[in-house]
Every structure is written in structure tokens, then in C-alpha cells.
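Please consider the following chain together with its three-dimensional model.

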Amino acid sequence: EAFYLNDFYIEGEIELTHSKLIDNHDAVLRQIITQVSTGNAHNVDELIEFFSKTLYGYQIQNSCGDMGYAIENSIKIEIESSLQYLIEHQIIRPTPSGLQTTPFGVLISRNNYSVKTAVRLRGVIEKMDEFKEAELIYEVASSVEIPKVNTKYRANKDNIRDVLGRNGIFI
């Protein structure tokens, strides 16, 4: 078994790996929130420096060969536009001492909702003249983060607890 593991993992073919940040804009937004909330980044330049040192930055820099300047600018543009989104939606705020996470940003960083879902849910609540539990529950349930459960058939109703349990929701 040791020889097999050595051949497979040490001497074997290199597995292709792709950064989650390339295809997942929410991951970029969440990473910016994390860097700011932990105090690892206080301004745009520190965010760009961080992202340039990640697998995301490495893959972008090595995907276009000698276009280093254009690549560096693409990371800068992505980070600046993402940061602008976070500022516009009051998730991060600029202060004289640097970027800070708002209470809403802290809330987002502590849950499993996507940033855009959290912004949408806050928008729903803000539009309510008076708080309506049922409307909020409907909006939360329609989020992509909540698993869909078909309750149309009796057999499916019997399996709801199992489906929710497999998705980490316990009732």
C-alpha cells in the first residue's frame, strides 16, 4: 500500500487545481470581508497584495504569459469593483484609519448565505412597512442556500426530515 500511495501521490500526475475565486464572485466578496474584518487589510493596496499572493493571483498571472501589467490591472479592477459593491451595500466602510467591516458585514461573515443573498434579504426587510414573518420566511426559503424539498407527494413528505438532515438542517 505504501508503494501505491507513493506512486499515486508523489510520483503521479499533477492534478489540475483551480481557484474558487476565479469562477465564484461571492468567494471574492467574502474573502475581502474576511481580510478587512480580521485586520489583515486596511486599504485597496493591501487587498490587491493579498490576492496577488493567492492561487487566484498565480493562475491569473500565469494564464496570459507576458501580459503581467494587464494581469495586475485585472486583479486591481476586480478588487476595486468588488470593494465598491461592498461599500455601496454598507458591508464595509472606509474610515480615516482604513477599511472596516460594518455590523452587517460581520453578520454576513458569520453565516452561510452568499453576500448577494444577504443584501437581497436586507432589502426585503427594509421595504416592509411592518415586519412580516411569513414574507421573510418565504424569502429565506427561496434562497439558493436552502435545499429544495418536494412535498407534493406523500412519499416525499415522509422523507423531508432525512433530506433536511443530510443538508445540515435539523428539525
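Leaving aside residues up to four places away in sequence, Val124 touches Glu135 and Glu139, where contact means heavy atoms within 4.5 Å. Val124 lies in helix H8; helices (H or I, at least four residues) and strands (E, at least two) are DSSP runs, numbered from the N terminus. Because its relative accessibility is 14%, Val124 counts as buried, the classes being buried under 20% relative accessible area, exposed over 50% and partly exposed in between (1.4 Å probe, protein chains only). Twelve residues along the chain separate Val124 from Leu136, and their C-alpha atoms are 7.5 Å apart.

This is a predicted model, in which local features need pLDDT of at least 70 and side-chain atom pairs count only at pLDDT 80 or more, while totals for chains, interfaces and linings use all residues. Residues are numbered from 1 along each chain as its sequence is written, and side-chain values use heavy atoms, with hydrogens and water left out.

H8 (residues 115-127) and H9 (residues 133-141) pack at an angle of about 165°, and their axes are 10 Å apart. Axes here are lines fitted to C-alpha atoms, for helices over the stretch in contact, and angles run from 0 to 180 degrees between N-to-C directions. H8 and H9 are therefore roughly antiparallel to each other; angles under 35 degrees count as roughly parallel, over 145 as roughly antiparallel, 65 to 115 as roughly perpendicular and the rest as oblique. On the H8 side, Arg120, Leu121, Val124 and Ile125 meet Glu135, Leu136, Glu139 and Val140 of H9. This contact of H8 with H9 comprises five nonpolar, no polar and three charged residues, with Ala, Val, Leu, Ile, Met, Phe, Trp, Tyr, Cys and Pro taken as nonpolar, Asp, Glu, Lys and Arg as charged, and the others, Gly among them, as polar.

H8 itself has 13 residues and reaches 19 Å from its first C-alpha to its last, close to the 18 Å expected at 1.5 Å a residue; the expected span is 1.5 Å times one less than the number of residues. Buried residues in H8 include Val115, Ala118, Leu121, Arg122 and Val124. An α-helix has 3.6 residues a turn, so residues three or four places apart point the same way.

Helix H3 (residues 25-37) and helix H4 (residues 44-52) pack at an angle of about 120°, with axes 11 Å apart. H3 and H4 are therefore oblique to each other. Val28, Gln31, Ile32 and Gln35 in H3 meet Leu47, Phe50 and Phe51 in H4.

Leu55 is found in helix H5 (residues 55-63). At 38% relative accessibility, Leu55 counts as partly exposed. Beyond residues up to four places away in sequence, Leu55 touches Thr17, His18 and Ser19. Gln90 is found in the loop between helix H6 (68-88) and strand E1 (92-95); its phi is near 55°, a positive value in a residue other than glycine.

Over the whole chain there are eleven helices and two strands, running α-α-α-α-α-α-β-β-α-α-α-α-α from the N terminus on. Of the 171 residues in the chain, 29% are buried. Among contacts with a separation of 6 or more, 51% involve residues 24 or more positions apart.
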